[in-house]
Amino acid sequence: MKLRINNCIAQKRHRFARGFVYDPSSKDKKIAIQQIKEQFTGEPYTDGLKISFIFHIKRPKAHFRTGKYSNELKKTAPVYHTKRPDVDNFVKFYLDVMQMDQTVYLDDSQVIEIHAKKEYDDKESYTEIII
């Protein structure tokens with residue numbers, strides 16, 4: 001099963017205020033779960049799962065040349081995305097989302113293997129999830 005989510009979103013740390021705890025990622029999670037529900041039909045998985053994540057992050061304009069060569073990368077543009085957010089925060093976010101409402105699987109303890117990488121994309125940011 002392959003899912004495509006229209007953005008790369010990392011898990012944000014929970015906030016504590018006035019004796020309450022809230023999740024600042026909750027709005028992003030609602031949007032992501034809608035996209036997953038549109039693509040994932042059927043019953044949630046009940047067996048062990050191997051999940052692969054590829055996080056495509058849009059390159060900043062500073063990586064591209066200017067003028068008539070504006071569609072070409074600079075020689076100094078990095079190959080790998082080594083900046084924040086960290087890959088583990090991306091993974092945490094999407095594992096939480098797929099477990100919401102038991103949409104894809106019942107419990108995250110079912111995940112027995114994870115592969116994840118983040119890479120640059122010249123056009124847009126999106127996430128591929130392969131189960």
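**Entry 1: L106**

Before looking anything up, I noted the scale: buried means under 20% relative accessible area, exposed means over 50%, and partly exposed is in between. I also reminded myself that this is a predicted model.

I started with L106. Its relative accessible area is 34%, so I put L106 down as partly exposed. I found L106 in the loop between α2 (87-99) and β5 (111-121). Then I asked which residues L106 touches, not counting residues up to four places away in sequence. I got P44, Y45, T46 and Q99. I also checked L106 against D47: they are 59 residues apart in sequence, and their C-alpha atoms are 9.4 Å apart in space.

**Entry 2: β4 and β5**

Next I looked at strand β4 (residues 49-58). I see that β4 and β5 run parallel, joined by 10 bridges. The path from β4 goes through α2 to β5, and I noted this β-α-β crossover as right-handed.

**Entry 3: the rings**

How many aromatic pairs are there? I have five in my notes. For F55 and F90, the ring centres are 4.8 Å apart and the planes are at 20°; under 30 degrees counts as stacked, so that is what I called this pair. F55 sits in strand β4 and F90 in helix α2, so the pair ties together parts that are 35 residues apart in sequence.

Are these two buried or exposed? F55 has a relative accessible area of 0%, so F55 is buried. F90 is at 2%, so F90 counts as buried too.

Stepping back, I can follow ring pairs through a cluster of F53, F55, F90, F93 and Y94.

**Entry 4: arginines over rings**

I spotted R4 over the face of Y126, at 3.9 Å from the ring centre. R65 lies over the face of Y69, at 4.4 Å from the ring centre.

R18 is in the loop between β2 (15-17) and β3 (20-22), and at 83% relative accessible area I call R18 exposed.

Q102 isn't a glycine either, and its phi is positive at about 50°. Q102 lies in the loop between α2 and β5 and is partly exposed, at 44%.

Last, I noted that the peptide bond from R84 to P85 is cis. I placed P85 in the loop between β4 and α2.

Conventions:
Residues are numbered from 1 along each chain as its sequence is written. This is a predicted model: local features need pLDDT of at least 70, side-chain atom pairs count only at pLDDT 80 or more; totals for chains, interfaces and linings use all residues. Side-chain values use heavy atoms; hydrogens and water are left out. Helices (H or I, at least four residues) and strands (E, at least two) are DSSP runs, numbered from the N terminus. Buried means under 20% relative accessible area, exposed over 50%, partly exposed in between (1.4 Å probe, protein chains only). Contact means heavy atoms within 4.5 Å. Two strands pair if DSSP finds at least two bridges between them. A crossover is right-handed if, with the strands pointing away from the viewer, the path from the first strand over the helix to the second runs clockwise. Rings of Phe, Tyr and Trp (its six-membered ring) pair if their centres lie within 6.5 Å; planes under 30 degrees apart count as stacked, over 60 as edge-to-face and the rest as tilted. A charge sits over a ring if NZ of Lys or CZ of Arg is within 6 Å of the ring centre and within 35 degrees of the ring normal.
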